[in-house]
Amino acid sequence: MVERTPILNFLTHLILFVGFVFCVAPFAIVAIAASHNLKDVNDVPMSLLPGSDFWVNIKTAWTTADLGPKLLNSFIMAFGVAAGKVIISALTAFSIVYFRYPGRMLIFWLIFITLMLPLEVRIVPTYAVVANVLEPYQAIMDLTGLSWLIEKLSGMQVSLSLGLLNSYSGLILPLVATATGTFLYRQFFLTVPDELTEAARMDGAGAMRFFVDILLPLSRNNMAALGTIMFLWAWNQYLWPLLITTDQSHAMAVTELKQLIPNVGGAPEWHIAMAGTLIVMLPPLIVVVLMQRWFVRGLIATEK
Amino acid sequence: MEKRVTFGRWTIGILFAVPQLILIFTFFYWPAGQAVYWSLTLQQPWGGGNIWVGLDNFRSILSNADYWNSISASLVFAGISTGLAMSIALVLAALTDRQLAGSWLYRVVLIWPYGIAAPALALAFRFILAPEAGFMAVVNQVWPGVWDPGLDGSDAMASIIVAFSWKYVGYNFIFFLAAFQAIPRSLIEAAAMDGSGVIRRFWDIQFPLITPTIFFLLVINITESFQDSFGIVDIMTSGGPANATNLMVYKIYSDGFKGLDYSGAAAQSIILMLLIIALTIVQFRFIERRVHYR
């Protein structure tokens, strides 16, 4: 860069190239293995020249794991989570930044704390809530004596029940219920000049008008970054869909991969397994390649 | 930081926050509270009420050798994979930041692994590291029986570490490169003018300036190694052989949903939550104070 360092430059290229090979090799091996037949894929060592059965294997993997509907489910869920995050975080950040009301700091901290505990560590009770999403409210009514009161007055027993297992809302809502995104918007809203707000108010715009017509169009970049990162995050979820979707019609592409692992004792059909892996890893890879700028930006902005 | 200009009507203001508040109450605070309640009671999985047992659940899991085995496996996994993923990413990012010819290629490609779902890359690595096919089979042909993640616990641990580190090298690379690029070029040029070489500049200027990123990534990598490892473990080893890769989240899942021991699983969740909260506090309290800021 600044000076001539031929030996160091050579080493730099060498190390970076080795890193590059290690980074790309798994992708290449998956793609090559997906093109072999049963015998070639189990050859030791496996030939690195592509075989001729690529499309046959893709087709077999597609039908074995029934990937068509599963990919559609993954898309619905990932879009749902991304859209939910982009909208709800914007609303909350607007409320926290642009209003002064009692308990504002409390709300800020309530939301902030959710950053600390990811879904995976509170998986068991969250599952119970999703099995009957009104259970918290039932419990509150029982505790406050409200349900007793209603039973006395109307003779009806209150039992609220709404199960979200095997539904898109059950998959999506718990993943939306964290604070990532809220702080991304908050940081951005704080940089929007006060003069803009003053001018808007002078022209008679209310809070809603200012939010929709001025603030949201200004946040387009943030929305793209947050949407990209949340789409990938949701697409790659595994534990949560595995628990919530016991019914095949709501299963995700990523959770279906398990069915492609060759059984012990069965034929080692690695070519089919790798074809399935390729199909499942391709959509997020395409998103990363095409949306690289938003991806990097979103990642850095949401985490800090 | 506060806004000088705000909107009056604060009832509307609260309404904007309501959707998120309902969501986090229902899916975050209630379940978290529920976990505390369950961990202190004995819950029958098929209904029938809870019996208050105090700290018995904690006592029983803490006296269980399987649980300690799971904690130590998680710590080994967290330590080695964080170390590998961070040091490799640091080297690659520092070298990419030298901006020699072709460095754009690395900037683009080295972040790909982070986009891949953990179970998908786990299946890929299960094939690559399979003892009878794939690439480790070559090693087994030369020295029969050297490598078998299905039978040997440390081979299985090594496999999940490789798979996890591969993904998180991509993640760490993004953050390290961003941190290196935020260092003003003029600073480096001035140091070069004063006669310091590439290595000297790295240790005396770049490294101290990116310490906040290093500590930030340290905490993130450790917490991610607790959560994001689930898919890798489930696809590659299912916690085996002989519990060698039965990491904490995997054990919570198998105890709670396969073994239907909700109370035990809740107690384990509480311990894991405390561990992660402690890590976050360490990050905020101690580390932020000691590192250099620009």
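**Exercise 1.** Work out whether Leu67(A) is buried or exposed in this predicted model.

*Solution.* Start with the count: Leu67(A) has 21 C-beta neighbours inside 10 Å. Next, bring in the cut-off, which is 20 or more other C-beta atoms within 10 Å for a buried residue. Leu67(A) therefore goes down as buried.

**Exercise 2.** Place Leu67(A) in chain A and list its contacts beyond four places in sequence.

*Solution.* First, the element: Leu67(A) belongs to helix α4 of chain A, which covers residues 67–98. Now skip the neighbours within four places in sequence, and you're left with Ala61(A), Trp62(A), Ala253(A), Glu256(A), Gly276(A) and Ile279(A) as contacts of Leu67(A).

**Exercise 3.** Describe how chain A meets chain B, and what sort of residues chain A brings along.

*Solution.* Count both sides: 87 residues of chain A touch 85 residues of chain B. Then ask who gives the most on the chain A side: that's helix α1 (residues 6–33), with 14 residues. Finally, sort that side by class, and you get 65 nonpolar, 14 polar and eight charged residues.

**Exercise 4.** Sketch chain B from its elements, box, burial and contacts.

*Solution.* Elements come first: chain B has 14 helices and two strands. Along the principal axes, its C-alpha atoms fill a box of roughly 75 × 75 × 30 Å. Of the 294 residues in chain B, 43% count as buried. Last, take the chain B contacts between residues at least 6 apart in sequence: 70% of them join residues at least 24 apart.

Technical notes:
Residues are numbered from 1 along each chain as its sequence is written. Chains are lettered from A and ligands numbered from 1 in the order in which they are written. This is a predicted model: local features need pLDDT of at least 70, side-chain atom pairs count only at pLDDT 80 or more; totals for chains, interfaces and linings use all residues. A residue is buried if 20 or more other C-beta atoms lie within 10 Å of its own, exposed if 12 or fewer, and partly exposed in between; C-beta atoms are placed from the backbone. Two residues are in contact if their C-beta atoms, placed from the backbone, lie within 7 Å. Ala, Val, Leu, Ile, Met, Phe, Trp, Tyr, Cys and Pro count as nonpolar, Asp, Glu, Lys and Arg as charged, and the others, Gly among them, as polar.
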